[in-house]
Every structure is written in C-alpha cells, then in structure tokens.
Amino acid sequence: MNRNSAILLSAIRGPLLMITLGALVALDYFAGYRFSRTWPVLIIVYGVLKLLEKIAAQPPARPPSGYVASQDSVI
Amino acid sequence: MRRGSIIGPLILIGIGVLFLLRNFWPEIAVFDFLALYWPFLLIAWGVIRLVEILFWAAQSRPLPRNGISGGEWLLALFICLLGGSMYAAQHSEWLPRMRVWRGFVLNLGESHQYPLAPVEMPCPKNCQVVIESFRGNVRITGMSDSVVRVTGRETILSFHRPHPDLTNQQTPVQLLQQGDKMIVRPSEGQGAVLADLDITVPPNSSIQAHGRSGDFNIEDINGPVTVDGSYGGEVQLRNVGQPVRYRDPRMTFSCEAVPGAIHMTRSEVRADNVAGPVVLTARSRDVRISGFTQSLALMLDRGDIQLAPGSSVPKMDVHTRSGDIDLALPPDAKFDLSASTDRGEVHNDYGGPLNVDASTRGATISGSVAGGPQLRLETGRGDVSIRKSSTEETSFPESPQIPTSTDEPLHVEHQ
C-alpha cells in the first residue's frame with residue numbers, strides 16, 4: 001500500500017460505481033431484484049472504495065523523523 | 001470528456017449510429033432493444049474506463065483523480081432517465097408526467113394502431129351511459145337505435161409490438177350493465193394505450209363522462225349530458241336537447257340545452273345558440289357566446305368576452321377581473337343596461353338610449369329601453385363596448401366551426 005495505489009483506487013472508483021449501477025439495473029430487469037431495494041449497494045461500494053483509499057494513503061508503519069501524517073494523506 | 005479517454009468518441013459514434021439506424025431502418029427497432037439493454041451500456045462504459053485506467057497504471061502514466069468526471073456522470077444520469085422511462089413505457093402503463101419528456105420518450109418508440117373489436121349491448125329506454133376515465137378521444141353520437149355500440153381504434157405507444165390479435169383480446173372495450181347504467185370501460189393493456197372511441201347510443205340516453213385527457217365530442221343527444229374531469233383536450237357539444245353540465249378544475253359550465261354548438265378548449269369557450277339559463281365560471285378563458293336565451297351568468301378571472309344575444313335579449317350578469325367586454329345588441333332590443341370598467345374605456349356604438357360617464361380611470365355606460373331585462377357588465381381592467389348587431393349577426397361571422405372527427409375516418413374493421 002502506498003500513495004500510488006491510493007491514486008489508482010481514486011481513479012477506478014468512478015468506473016466501478018458505473019459498473020455497479022449498470023449491474024443493479026440489469027439485475028432489476030432480468031433477475032427481478034428491484035433497484036428500489038438494491039440501491040444501498042451503491043453506497044456500500046462507494047464506502048468500501050473510500051475506505052481502501054484511506055488505508056492505502058496511511059503513512060508507512062515507521063515514518064521518517066519529522067514526518068507529519070496529515071500532509072501526506074489524500075482523501 | 002477527459003483527455004485521453006476513448007469513451008467520449010465512442011458515445012458520440014454510438015448516438016449517431018443509433019439515430020441513423022432509426023431513420024433508415026426503423027424495422028430494426030433499436031430503441032426497443034435499448035429500452036431493455038441500456039444497463040449494459042453503463043456496465044460497458046465502466047469496464048472500458050476501468051481497463052483504460054489499469055492500462056495507464058501499468059504503464060506508470062499519470063492517472064486522473066476521478067475516473068469519471070462530473071459531466072460524464074450527468075450523461076450517465078440522462079441515460080438512466082431515458083432508459084428507465086423507455087423501459088417503464090414498454091413494460092407497464094406508466095408514462096412520464098411531463099409532457100415534453102413523455103413526447104420525447106414515446107417518439108423514440110413506435111406506435112401501433114389496432115381497430116377495436118366492436119362491442120354492442122341493447123340498452124333499455126332512458127339509458128344512462130357512463131364513460132369511464134381513460135386516455136384518448138371519444139365521440140358520442142345519438143342514433144335511432146336501441147343499442148349502445150362502441151367501435152374505434154386504439155393506438156399503442158409502446159416499445160414492443162404485441163401480437164395484434166392478442167392485443168384485441170387483451171384490451172377490448174368493456175360494456176357493463178349495472179342497473180340502469182351502461183358503463184363503457186376501455187381497459188388499458190400493455191404499454192401505453194390511447195383509445196379513439198366512437199360510441200353510438202340511443203338518442204334519449206343520458207351521458208356521463210369522466211375524463212382524464214383527450215377530446216370529447218358529443219352530438220345529437222336528447223338526454224342530459226354531464227362531463228367532468230380534467231381535460232387536456234377539447235370538448236365539443238352539438239345538438240343536445242337536455243341540460244348540459246361541465247366541470248373541470250378551472251371551469252364550470254351549465255345550460256339547459258344546446259340546439260347549436262359549444263366548443264371548449266383550454267383557452268377559449270365558444271358557444272352558439274344555447275338555451276339558458278347559461279352559467280359559466282372560469283379562471284382564464286376567452287368567451288364568445290352568441291344566440292343565448294333566458295339568462296347568462298358569467299364570471300371570469302381573466303379573459304375577453306364577446307356576447308351577441310339573439311333577437312330577444314335575456315338577463316345578463318357578467319364579470320371579469322381583467323378583459324374586454326363586447327356586447328352586440330339588436331337595434332330594436334329592450335334592455336336595462338349598466339356596464340362599467342374600473343380601469344379602461346367605454347365605447348358606445350349603440351347610440352341613443354345609452355349614456356357614457358367617464359371618470360379619471362374608469363367609466364360607466366348605462367341606459368334602458370322600455371324596461372327590458374337587466375344587463376350588468378363589469379370589468380376590472382379593460383374596455384367595454386356596446387354596439388348594434390347587424391341582422392345577420394345573431395351568430396358571429398366566424399361562428400364556431402365544429403370539426404368532427406369524421407374528417408379523419410376511423411379505421412374500423414367490422415367483424
């Protein structure tokens with residue numbers, strides 16, 4: 001986990017949400033799971049991706065001296 | 001679109017191809033297909049973008065902060081709205097409420113017209129015909145016959161073509177007899193159905209119509225007619241021998257008979273040769289009535305009024321908050337007139353017996369001949385003019401043209 005993976009996670013968040021949205025509507029149309037009931041999945045996916053980003057943006061376990069965590073966090 | 005992504009060009013190409021297909025090969029029915037499969041567009045979009053980003057990451061190229069920009073999300077939202085509307089129009093009776101959006105969505109799909117299988121049922125004397133709320137137009141005609149007969153066609157605005165025979169079975173017009181009442185119930189089937197009904201009834205029937213949209217055209221009925229609902233379309237009445245009651249959220253109208261014709265639209269009411277007492281209350285309509293008898297009570301919030309009573313002038317009580325009033329009286333009429341405007345001018349083209357009294361803002365005009373009926377005209381803002389009607393002006397020069405739907409014959413296959 002490093003800063004690059006945080007940027008990557010941030011970049012793929014949109015596409016993944018788009019895929020989730022499409023999949024939920026397709027499930028509604030073809031499998032009968034109504035979107036009106038499955039929409040919270042979108043929030044969960046968004047939350048999980050955000051969480052992964054945060055974890056990825058955490059500073060290394062032993063920061064160099066003088067390191068200030070908040071400067072490096074990408075949220 | 002974000003620089004470097006192939007999604008933007010792909011979407012443009014896709015839209016172009018879609019409309020080209022629709023214009024040149026309508027039989028492919030691409031939008032019918034899209035109505036069902038549009039979610040996969042979003043999935044494909046997401047997958048392509050995902051692959052792009054992973055590819056860039058593998059090549060250590062700089063990555064965008066957001067995989068999908070705000071503008072792209074807006075476009076996706078539009079696709080969702082359009083796709084959702086098309087799907088709903090195809091799979092249920094739901095239609096978008098917003099007129100513009102509904103028209104747009106329905107235009108993408110195709111409409112199919114089917115003749116309705118004719119239905120008829122004998123109706124006892126003094127038949128009460130009840131036409132239930134439905135979407136479409138209806139024409140009711142009195143015929144010297146003792147049956148109620150419904151023919152017509154239905155237009156299915158949907159995205160997929162049901163089998164015609166199946167449609168006829170699924171969505172017949174129902175005729176139900178409940179006591180003295182004969183109920184016409186056009187059932188609505190799959191997709192959006194617009195019905196054009198042609199109903200003939202025994203001439204002495206009474207008519208009750210509860211409508212939602214579309215045009216009503218009622219002719220040659222010798223029983224009372226009641227029409228209520230909220231109409232997007234027009235209502236036309238002609239040759240009705242008994243009281244007429246009309247009500248919608250913005251207007252009420254009643255009279256005792258219509259030997260002539262009435263034409264009501266959302267902006268205008270025109271009537272020629274109606275038997276009073278005539279009572280009309282409306283928010284905002286222009287009103288032109290000629291050849292009315294007994295009495296007239298007219299109350300408008302806004303609208304111009306043109307009146308030309310017949311040879312014998314009836315009692316009148318006319319108010320509008322804003323609008324001009326024009327009254328044409330026969331030269332030899334008897335009346336007791338008092339008309340006023342709070343802000344506006346008064347024109348006396350009648351002459352002799354009338355006196356104009358103009359104050360700073362408003363004006364009044366009054367006068368009486370041989371103690372005739374009372375005519376009270378009032379406008380809050382507007383001009384009042386009183387003139388002599390010429391002999392041929394018992395009806396207006398452009399008297400109501402009542403177009404009948406016979407102009408466009410119904411495609412009915414009698415079986």
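The contact between the two chains draws 19 residues from chain A and 28 residues from chain B. The structure described here is a predicted model. The size of an interface is often given as the accessible area lost when the parts come together. Between chain A and chain B, the buried area is about 1800 Å², and carbon and sulfur atoms contribute 83% of it. On the side of chain A, the residues that lose the most area to chain B are A:Met18, A:Tyr29 and A:Phe30, which together account for 35% of what that side buries. The residues of chain A that touch chain B comprise 15 nonpolar, three polar and one charged. Zero salt bridges are counted between chain A and chain B, while three residue pairs, both members at pLDDT 80 or more, are in polar contact across the two chains.

Helix packing between the chains was examined next. Helix 1 of chain A (residues 3-31) packs with helix 3 of chain B (residues 70-91), their axes lying 12 Å apart at an angle of about 5°. Because angles under 35 degrees count as roughly parallel, helix 1 of chain A and helix 3 of chain B are roughly parallel to each other. From helix 1 of chain A, the residues A:Gly14, A:Leu17, A:Met18, A:Leu21 and A:Tyr29 take part, and they meet B:Trp73, B:Ala76, B:Cys80, B:Gly83, B:Gly84 and B:Tyr87 of helix 3 of chain B. This contact is made up of eight nonpolar and three polar residues, with no charged ones.

Within chain B, helix 1 (residues 7-24) and helix 2 (residues 30-58) have axes that come within 12 Å and cross at roughly 170°. Helix 1 of chain B is therefore roughly antiparallel to helix 2 of chain B. On helix 1 of chain B, the contact involves B:Ile7, B:Leu10, B:Ile11, B:Leu18, B:Phe19, B:Leu21 and B:Arg22; on helix 2 of chain B, it involves B:Val30, B:Phe31, B:Leu34, B:Trp45, B:Ile48 and B:Arg49. The residues of this contact divide into 11 nonpolar and two charged, with no polar ones.

Over all chains, the structure holds 12 salt bridges. One pair in a salt bridge is B:Arg139 and B:Asp198, whose closest N and O atoms are 3.3 Å apart. This pair links distant parts of the chain, 59 residues apart: B:Arg139 lies in strand 4 of chain B (residues 136-142), and B:Asp198 in strand 8 of chain B (residues 192-201).

Notes: Residues numbered from 1 in each chain as written. Chains lettered and ligands numbered in written order. Predicted model: local features only at pLDDT ≥ 70, side-chain atom pairs only at ≥ 80, totals over all residues. Heavy atoms only, no water. Contact = heavy atoms within 4.5 Å. Buried area = accessible area lost by both parts, 1.4 Å probe. Salt bridge = Lys/Arg side-chain N within 4 Å of Asp/Glu carboxyl O. Polar contact = N/O pair within 3.5 Å; in protein donor to acceptor, adjacent residues only side chain to side chain. Nonpolar A, V, L, I, M, F, W, Y, C, P; charged D, E, K, R; others polar. Axes fitted to C-alpha atoms, helices over the stretch in contact; angles between N-to-C directions. Helix = DSSP H or I, 4+ residues; strand = E, 2+ residues; numbered from the N terminus. Parallel < 35°, antiparallel > 145°, perpendicular 65-115°, else oblique.
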